[in-house]
Every structure is written in C-alpha cells, then in structure tokens.
Amino acid sequence: MSHFSDRIIQWYEIHKRDLPWRHTDDPYYIWVSEIMLQQTQAITVIPYYKRFIETLPTIFDLAEVEEDRLMKLWEGLGYYSRVRNMQKTAIEIVSKYQGIFPNTYENLIQLKGIGAYTAGAILSIAFKQKFSAIDGNVMRVLSRYFGVETDITLDSTKQKLESFNQTLLEDKRPDMYTQAIIELGATLCTKHKPQCEVCPVKLDCVAKAKGLQSSIPLKAKAKAKKELHFQTFILQDEDNRFVVWKVTDNLLKGLYLLPQVESDSLNYALDVLDSMGYTIVFTEPISQFKHVFTHLVWTMDVYYGKIKNEKKHETVTSFEDVPMATAHKHIIKEKTYAKY
Ligand code: SF4
C-alpha cells in the first residue's frame, strides 16, 4: 500500500496543475475552493475563486456581505444552496469561534454545508491532520486500483474504499496524499479514457491488468429526471424596465427569475399572471429553451411581453443588476428581446 502513496505523491509533486488554492493552507480559502469544486471543474472554478477571495478576503467579510452581492459572486456556478450555507457557516464561525476556523472533525461536521468529504479535505490539506477525504475522483481511482467491482453507490462499497483511503494516508503527509489522489482522479484516472500508460501506479492496478477500466467503478443506473414545462416571459413595463421575481424558497433561493408559470398552455399562464396583477397588452413567442438540473429538466416556452404600469412590481433596468438563475441567464444572454 505504501508504494501507492509514495508513487502518487512523487507524481503529484512533478505534474500537479498550478491552481490558485494550492498556494495557501488557510482553511478559509481551502474551504471556499472545496465548496466551489464540489460540482464544478477546476478550470471553471479559477476565476470564481479569485473573485470571491478578492472580494471577501476573510471569513468576517463573508459573514457580513449582503445576499445580492454574495449571489452575484456565485452567479453561474449553480447549486446556490452551497453559497447560502457557506454564509450561515461563516456567521457561526464568527460568533462561536471568534472567526477562527475549527480544526476538529467533530466541530467541522456540525457546520452547515460541511460533510465528511469537506471536513476531511480541510483537516488534511489545511491542518495536515490524518483525515481521509473521499470524493468521486478518489473513489474512482481506488476502486480501479484495487479492482472493487461492487456498486459504488452502496454504503458497504463506500466504507471499504474509505478504509483503504484512510490506511493509505496514515503514514504520509496528509495534505500531499489527499491532493495527489484527487489530482490523479481529475487528470489521469478520468471517467472516460483513463491515461493508464502514464499513470504512476499502472504496474499494480487491478483494473488495468484485467482491462476493466470502463466497467469500474460500477454504478447503478440513475433515475430518469423529472420534467417540468413552463411558460416564461421577458416582460417590460412602459418605462422599459424588466419584471423579475426573487425566489424566496427552494433550491434557487436568493436568485432572480423571469416571470414564469408551470403549464404548457400560454392562455392559462396569461390568466395566472393577470390574477397576479400584471396587465399584459402584448405577447410574442421567442423560442423554446431547455435547462437541465441534476434531477430536473425545465422546458420553457419563452415569450416577450409588454405590461402596463398599473401596479407596482419588482423591476430592473438591466438583468445585470441582479443575480439571475442560470436557467434564465441563457435566455437573456441571446438578447432576443433587443428588437422590441
Ligand atoms: S492504471 Fe489506469 S485505471 Fe489504474 S489507477 Fe492508473 S489511470 Fe486509473
């Protein structure tokens, strides 16, 4: 086992990508990077990470920043509950720990948005403690290397890989080991077409020896995504201001949407908007858009519309003024409304 750890650490020291969060061991910065990297590739995260820590360089800044500004910093990264949880956690660290990041697993795991992986990553990378951090990349590398052919979504498989990882980390520098195995999974032992010929552990890898790289890790088939159909509107009032809706619940909380009604009927949607006090004087179809979330697909029939200024509604001069949900940013980006 120690060959595995030595080889991947040596490989990492030579081949690691130069990523901005690798120049620090400040737990706040490590935490920000880990949360951003949870659902997003490193190359996409870089500009977001830089902007975030330049704007909010300390945990005190994150605890105090106003919601719209925070959401704007996260705009485009998706999974917005992540950043809302980060602010709750920052507030708790400031009030309970005087702004000093906790350095024990028991305290970290109590914080909102910090699960076993993130706690392990912070402890091993920032505090150099011997705590395993196991994510999808790590599970893929270990299941291939050890030839684990059971379903990776089963708890028993996860526990087995977790115990391998903890053992491999034990007598090494935990910060180096954790970053090395994550990097190996992200760059060489990738989901499709792993680059086994240049892999530092190719000589002992069971999946490579048996030609099982494409069937390990084994994963049960995901359930079909739920589909929702919306009638979605770019509505302008008589002062050419755009109507926006701020989301106050669900996974998009804190973001802004174009007005929309869940239905495949335009007439039904117009009735709903009318009952909400929007006096629509004109609509014209633009196009149909789709947005795919993790467990959900939105199909949106998009219309441009004009409303009267009879009632007061929340409006903006430009969509740039507020953090718009990604599903609607794609619609706005095409500036299909510009001709009106
Ligand atoms: S040899 Fe191939 S399958 Fe095995 S760990 Fe390396 S990249 Fe992954």
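Guide: What follows covers those topics in turn. This is a predicted model, in which local features need pLDDT of at least 70 and side-chain atom pairs pLDDT 80 or more, while totals for chains, interfaces and linings use all residues. Residues are numbered from 1 along each chain as its sequence is written, and side-chain values use heavy atoms, leaving out hydrogens and water.

Visitor: How do helix 10 and helix 11 cross?

Guide: The axes of helix 10 (residues 155-170) and helix 11 (residues 174-187) come within 9 Å and cross at roughly 135°. That makes helix 10 oblique to helix 11. Helices here are DSSP runs of H or I of at least four residues, and strands are runs of E of at least two, numbered from the N terminus. Axes are lines fitted to C-alpha atoms, for helices over the stretch in contact, with angles from 0 to 180 degrees between N-to-C directions. Angles under 35 degrees count as roughly parallel, over 145 as roughly antiparallel, 65 to 115 as roughly perpendicular and the rest as oblique.

Visitor: Which residues of helix 10 and helix 11 meet?

Guide: From helix 10, N165, L168 and L169 meet P174, Y177, T178 and I181 of helix 11, where contact means heavy atoms within 4.5 Å. By class, that contact has five nonpolar, two polar and no charged residues. Ala, Val, Leu, Ile, Met, Phe, Trp, Tyr, Cys and Pro count as nonpolar, Asp, Glu, Lys and Arg as charged, and the others, Gly among them, as polar.

Visitor: And what about helix 9 and helix 11?

Guide: Their axes come within 8 Å and cross at roughly 80°, so helix 9 and helix 11 are roughly perpendicular to each other. Helix 9 contributes N137, V138, R140, V141 and L142, and helix 11 contributes Y177, I181, I182, L184, G185 and A186. The classes there are eight nonpolar, two polar and one charged.

Visitor: What angle do helix 2 and helix 6 make?

Guide: Roughly 160°, with the axes of helix 2 (residues 27-37) and helix 6 (residues 81-97) coming within 10 Å. That makes helix 2 roughly antiparallel to helix 6. W31, V32, I35 and M36 of helix 2 make the contact with R82, M86, T89 and A90 of helix 6.

Visitor: On to holes. How many cavities are there?

Guide: One of 30 Å³ or more. On a 1 Å grid over the protein atoms alone, a cavity is a set of points where a 1.4 Å probe fits but cannot get out; a pocket is an open set with protein on both sides within 12 Å along at least five of seven lines, and lining residues have an atom within 4 Å of a point. Grid points are joined across faces, edges and corners, and a volume is the space filled by probe spheres set on the points.

Visitor: How much space is in the largest cavity, and what lines it?

Guide: About 110 Å³. It has 14 lining residues, with C189, C196, C199, V201 and C205 closest to its centre. Helix 9 (residues 136-146) gives the most to that lining, three residues.

Visitor: What about the second largest pocket?

Guide: That pocket holds about 360 Å³. Its lining has 17 residues, and G78, Y79, L251, F293 and T294 lie nearest its centre.
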